[in-house]
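Colleague: Could you walk me through how to read this model? I'd like the general idea first and then the case at hand.

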Amino acid sequence: PYIRSGSNPSLTGLQAITSGSVTFQFNGLSLQSTGAPIATGSTPTDLVEWSDGTDDFLTIVNDTSETISTFKLIAGTWTLQGSPVATGNNPVGIAYSNIAGLHYVTVANSVDATISTFLWSGTAFSSVGAAVATGVNPQYVTSFTIGVNSYVAVTNRTDDTFTTYKWNGTNFAEILTTPTIGTGSSPTIIINYVVNSIQYIAVINSAGNSFSIFSWNGSNFVSIGAAIDTQATPRNFKAYAINGNTYISVVIGNNTLDTFIWTGTTFSSIGTPLVTGTNPTGIVHFVTNSTDYLIISNTGSNTLFTYQWNGAAWVKTGQTTSIGSPEGITVYFINNVPWISIINFNNTFVSYNFIAAGTTLSGINLSGASSFSDVANILQNAYIAAGITLGTVVYSSTTAAFTVSNGDNSGIGTVDYSPVTSLATALKLTEATGAVLSQGSVGLSIA
């Protein structure tokens, strides 16, 4: 996207400027594919990312296969670890817990009406004991701690309840009382969040066009008011805080996104719902470069929508074509770069890096370069460090041009960036009219 005018500077001349350090700044945001879709088991329904302190892992629930599959991030690629592990019948939701430095996942087995908990051995998950009874048709799970105690809570769709379990030292077997959400509410997704040191649970009522809130009273969860109306069927939601305020954003079956603010006693909509893609099913919130973002997966339109907080409301700032009918979604950070992984209806999952506006490629030290090909390699490493994991930079002595490719073969986004240091200026890089870094090979050309 940049063409440098004038004669080529010498390598020694470049290396002498600012000790060989050059900074580029991205002026737009983009989702960059990290590779081809990866096979899951049959009918993936939920996923969770976790770390053992050294390595990063994804564990995916496979409903029809009745297994969990765990993948380890190795050199930028998610790699299956061993064979999938059997669960109960028709698992749906999953949650991760770190208890005394040990790594557990808990799965809801919908047909068995149980939850099963598994411990990571370093190479695989194994059951920690007998499955524990839930209500009828358990769906999704959330995990949290209160003080020194660890808990999971699971929705029971047919019973219109959710159940909370406390870790007893060997399993989530100590059952607290089970509050009723509302007759015919058909609860599905369950999340937890904290406001002013108080633990809360929120539950989607898929048949009630609403979500319900419960607070911890010191020994259990109690309802704190009427359900919050979402006008149509809520599909998923996320709680988060911005500037001291607590919000919940809900993706809704009428293809909208509605955001609610906590008033101290209930949640109130902050304005007109925003349009999403068709059949939105997943939502994540994250902060990078001091800016808040939401990403929504739209199963029916095979798209991902990105929204940015403008200080008072969400504004759509990006739209990405995904593949495989994206459903559940999770966000996490690798080397301070946001990654998004999404399970697809076609029994795969895909991952993307999020490149935010204002992200910099800095500390690009050219002092060890003995050729322009070396410069290309250094630039490529900087792209990878910034999150463009498939980034490649090639120098052609024939054309005297650097060609940049982000490895993206599915039409994902665009990135526009500019030089902001004296070395970048010395390279005489100026933005070519209408040029952006995008799919395939585009130019970082030296004329």
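Modeller: Let's start with confidence. pLDDT is the predictor's confidence in each residue, on a scale from 0 to 100. In this predicted model the protein chain averages a pLDDT of 83, and 79% of the residues score at least 70.

Colleague: Which residues have a pLDDT below 50?

Modeller: Residues 1–9 are one such stretch, with 40 contacts in the model beyond near neighbours in sequence; a contact means heavy atoms within 4.5 Å. Residues 17–21 also fall below 50, and that stretch has 16 contacts beyond near neighbours. For local features the model needs pLDDT of at least 70, side-chain atom pairs count only at pLDDT 80 or more, and totals for chains, interfaces and linings use all residues. Residues are numbered from 1 along each chain as its sequence is written, and side-chain values use heavy atoms, with hydrogens and water left out.

Colleague: How many helices and strands does the protein chain have?

Modeller: Both are DSSP runs numbered from the N terminus: helices are H or I with at least four residues, strands are E with at least two. Here there are three helices and 41 strands.

Colleague: And what share of the residues counts as buried?

Modeller: Buried means under 20% relative accessible area, exposed over 50%, and partly exposed in between, using a 1.4 Å probe and protein chains only. Of the 447 residues, 54% are buried.

Colleague: Which strand does E5 pair with?

Modeller: Two strands pair if DSSP finds at least two bridges between them. E5 pairs with strand E6 (residues 56–62) in the antiparallel sense, over seven bridges. Val48 has Thr59 of E6 as its bridge partner. The two strands make a hairpin with four residues between them, and Gly53 in the turn has a positive phi of about 100 degrees.

Colleague: In what order do the four strands of the open sheet run?

Modeller: The order is E29-E30-E31-E32, with antiparallel pairing. Strands E29 (280–288) and E32 (314–321) are the edges, each pairing on one side only. From one strand to the next, the twist averages 20 degrees; axes are lines fitted to C-alpha atoms, for helices over the stretch in contact, and angles run from 0 to 180 degrees between N-to-C directions.

Colleague: How many bridges join E31 to E32?

Modeller: Seven bridges join strand E31 (residues 303–309) to E32. Within this sheet, Leu304 stands opposite Thr320 in E32.
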